[in-house]
Amino acid sequence: MATAYAAPGAGANGSQAKSAMNNKTMFAPGFTINVNANKTTTGTTAVGTEGGGSVETLLPDPDFSSPARVREYCNSLRAAAFSLSFQVAMGAEIMKGVLSAVPDPEGRPFGSRTRAGKVARKLQKSADALRDAAKNAAACYSAFQQEYEEEINRVRHRARRPQQPTVNWAEQ
């Protein structure tokens, strides 16, 4: 999903990429990051495709027929949003680093870093929104438990197995 490509001829440690930066050419880090999300849950398959393709689905079907299904959906949403927020934040940092090496056309000091920050800030806001989505998914299940506590307890009580009679060895 997030991939940084090395410049042609760049060494494994990025030494040639540094010399390219000194020559005021486009900078590409000397390392590659490949992130693939493969997660399987009940009825759910997340398949990451190489080259930034689409992901089939990260969430189970929205079947809210039981408290367990509500919990599963909220937990899946929380996990997916948190994972994506981490990946997007990493992408924002990589973008900022790569774009800050592009020379400023007007030659302003720190102009390239300022321009890169403006662009990467939007991606960072996306990462923050995904992190907030993860928090709200967890809060959704908590609110569900509070609002439907009576119904859940009624069913939970009925679902318990009757206790086995215990032997009181003191009575003889």
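Residues are numbered from 1 along each chain as its sequence is written, and side-chain values rest on heavy atoms, without hydrogens or water. Because the model is predicted, local features need pLDDT of at least 70 and side-chain atom pairs count only at pLDDT 80 or more, whereas totals for chains, interfaces and linings use all residues.

**Figure 1. Overview of the protein, with 4 helices and 2 strands.** Read from the N terminus, the elements follow the order α-β-β-α-α-α; helices (H or I, at least four residues) and strands (E, at least two) are DSSP runs, numbered from the N terminus. The protein has 172 residues, of which 22% count as buried, that is, under 20% relative accessible area, with exposed meaning over 50% and partly exposed in between (1.4 Å probe, protein chains only). Among contacts (heavy atoms within 4.5 Å) with a separation of 6 or more, 51% come from residues 24 or more positions apart. The accessible surface amounts to about 12500 Å², and carbon and sulfur atoms contribute 55% of that area; accessible areas come from the Shrake-Rupley method with a 1.4 Å probe, and for residues only the protein chains shown count as cover.

**Figure 2. Packing of helix H2 with helix H3.** Helix H2 spans residues 67-99 and helix H3 residues 111-147; their axes lie 8 Å apart at an angle of about 170 degrees. H2 is therefore roughly antiparallel to H3. Axes are lines fitted to C-alpha atoms, for helices over the stretch in contact, and angles between N-to-C directions run from 0 to 180 degrees; under 35 degrees counts as roughly parallel, over 145 as roughly antiparallel, 65 to 115 as roughly perpendicular and the rest as oblique. The contact of H2 with H3 comprises 25 nonpolar, 6 polar and 5 charged residues. Here Ala, Val, Leu, Ile, Met, Phe, Trp, Tyr, Cys and Pro count as nonpolar, Asp, Glu, Lys and Arg as charged, and the others, Gly among them, as polar.

**Figure 3. The cysteines Cys74 and Cys140.** A disulfide is a pair of cysteine sulfur atoms within 2.5 Å, and by this rule the count is 0. For Cys74, the nearest cysteine sulfur is that of Cys140, 3.8 Å away. Cys74 is buried at a relative accessible area of 6%. Cys140 likewise takes part in no disulfide and is partly exposed, at 42% relative accessible area.

**Figure 4. Phe110 in the loop between H2 and H3.** Although Phe110 is not a glycine, its phi is positive, at about 60 degrees. Phe110 is exposed, with a relative accessible area of 56%.
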